[in-house]
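Please read the sequence and the 3D structure shown here together.

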Amino acid sequence: MADDLYTPRPEHKFTFGLWTVGNRGRDPFGEAVRPSLSPTDLVRLLADVGAMGVNLHDNDLVPIDATPPERDQIVGNFKKACEEAGLKVPMATVNLFYDPVFRDGAFTANDSDVRAYALQKTMRAMDIGAELGAKIFVLWGGREGTETDACRRPDEAVKRFREAVNYLCEYSLDRGYGYRFALEAKPNEPRADIYFPTTGAYLALIETLDHSDMVGVNPEVAHEHMAGLNMMHSVAQAWEAGKLFHIDLNDQIPGRYDQDLRFGSANPRTAFWLVKFLEDVSYDGSRHFDAHAYRTEDYEGVKDFARGCMRTYLILKEKAARWNADPEIRAMLAEIQEKNAPNEYAGGYSAEGAASLLAQSFDRSRVASAGLRYERLDQLTIDILLGVR
Ligand code: GCO
Ligand code: MN
Ligand code: MN
């Protein structure tokens, strides 16, 4: 029965991008290693491994030069394939990075025609997503950045980006699509420096938007790790702000190129804290995997990869429940909580409270003398993770 715990089911809300399982292993140094599969084949592959949904960029499905009747037929067939396979399309996004027209950026490009085209392309991608039932629209600005800062002032880029997102919110409202936008940060690659390099940067921008309630973030493990950050902290801040609209799960060794490794395969401990956080707060969005299989794999290996992402998530979810139920860990957490008693400044500022706080004396050496036992707490965590507890 233990195995059943690790079997993906629709309620786990596991999703993959068409571009993830469809990744053919091309890299800057080498050609594709796998044949291309059609979007409908990929839908069947995902149904086969037990995913709940499939997400897509406009051009993962509809070629950039498709005529309107071609587009309608492709989207119609895809919708049917998803229905037959029992797969949902919870999220859609737009490719604003592949075509050469975006070499200087999309929403932030210096050429206003490029910016207009980027908006048009995004609106059309929103139409496709809406037709397929998507309610989350991700914006990843892969080309919104620079190699040289001689080309524009970054504050101008911020203004252009804001203007674009404001426009797209209005479009969604106008069409009654009900989208929530999720902004995805990445510090670099493919540009030398990308604007809004971290989730925190987007959280700050969002508060300046016309419809800030419609816009949240899509943090990605690899991207926060590339910036040397703690993914779970970024996710927690987004969550606390009510802005965790989506999440991109994968793995990444800091200091490397964008690796997009199978979830939890490089840093299982950081993946554990992330899964534990998502489960502890009952995050109810998709668990979306934005990763791809090693270049060594054929499509059987791609299935192993996809199953592995979900299995690791479920293993870590079970470890998190074990951690939460562990009597020794609970006792230690209760001790930590005991020190958290209400004091002079709890409940906010008052002149009397401030006077009393100013008059209080603190026994610093007593407070600082007792060890906090976090070594023990962490080792208990490691024991659970390594399967001896
Ligand atoms: C990357 C990004 C993308 C985006 C995707 C959705 O590093 O390539 O993570 O995979 O998530 O384009 O907008
Ligand atoms: Mn990425
Ligand atoms: Mn991503």
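**Rings, metals and backbone**

The charged end of Arg 180 is placed over the ring of Phe 245, at 4.0 Å from the ring centre; a charge sits over a ring if NZ of Lys or CZ of Arg is within 6 Å of the ring centre and within 35 degrees of the ring normal. This is a predicted model, in which local features need pLDDT of at least 70 and side-chain atom pairs count only at pLDDT 80 or more, while totals for chains, interfaces and linings use all residues. Residues are numbered from 1 along each chain as its sequence is written, chains are lettered from A and ligands numbered from 1 in the order in which they are written, and side-chain values use heavy atoms, with hydrogens and water left out.

There are 19 aromatic pairs in the structure. Rings of Phe, Tyr and Trp (its six-membered ring) pair if their centres lie within 6.5 Å; planes under 30 degrees apart count as stacked, over 60 as edge-to-face and the rest as tilted. Phe 161 and Phe 196 form a tilted pair, because their ring centres are 5.1 Å apart and their planes stand at 50°. Phe 161 belongs to helix 7 (residues 154-175) and Phe 196 to the loop between strand 7 (193-194) and helix 8 (199-206), so the pair ties together parts that are 35 residues apart in sequence. Helices (H or I, at least four residues) and strands (E, at least two) are DSSP runs, numbered from the N terminus. Both Phe 161 and Phe 196 are buried, where buried means under 20% relative accessible area, exposed over 50% and partly exposed in between (1.4 Å probe, protein chains only). One aromatic cluster is formed by Phe 14, Phe 16, Phe 263, Phe 289, Phe 305 and Tyr 313.

Helix 8 has the buried residues Thr 199, Tyr 202, Leu 203, Leu 205 and Ile 206. They lie on the same side of helix 8, because they cover an arc of only 160° around the axis; the arc is that of the directions from the helix axis to the C-beta atoms. These buried residues pack against helix 7, strand 6 (180-184), strand 8 (215-217), helix 9 (221-226) and helix 10 (231-240), with contact meaning heavy atoms within 4.5 Å.

Next come the metal sites. Donors are N, O and S atoms within 2.8 Å of the metal (3.2 Å for Na, K and Ca); water is not among the atoms, so sites may look incomplete. Glu 184 is in strand 6 and Glu 220 in the loop between strand 8 and helix 9, so the pair ties together parts that are 36 residues apart in sequence. Glu 184 counts as buried at 6% relative accessibility, and Glu 220 is buried at 0%. The manganese ion (ligand 2) is coordinated by Glu 220 (OE) and His 223 (NE2), at 2.1 to 2.3 Å. Glu 220 bridges the two manganese ions, ligand 3 and ligand 2, which are 3.8 Å apart.

Most residues other than glycine have a negative phi, and most peptide bonds are trans. Glu 189 and Pro 190 are joined by a cis peptide bond, with omega about 10°, and Pro 190 is in the loop between strand 6 and strand 7. Lys 13, which is not a glycine, has a positive phi of about 60°.
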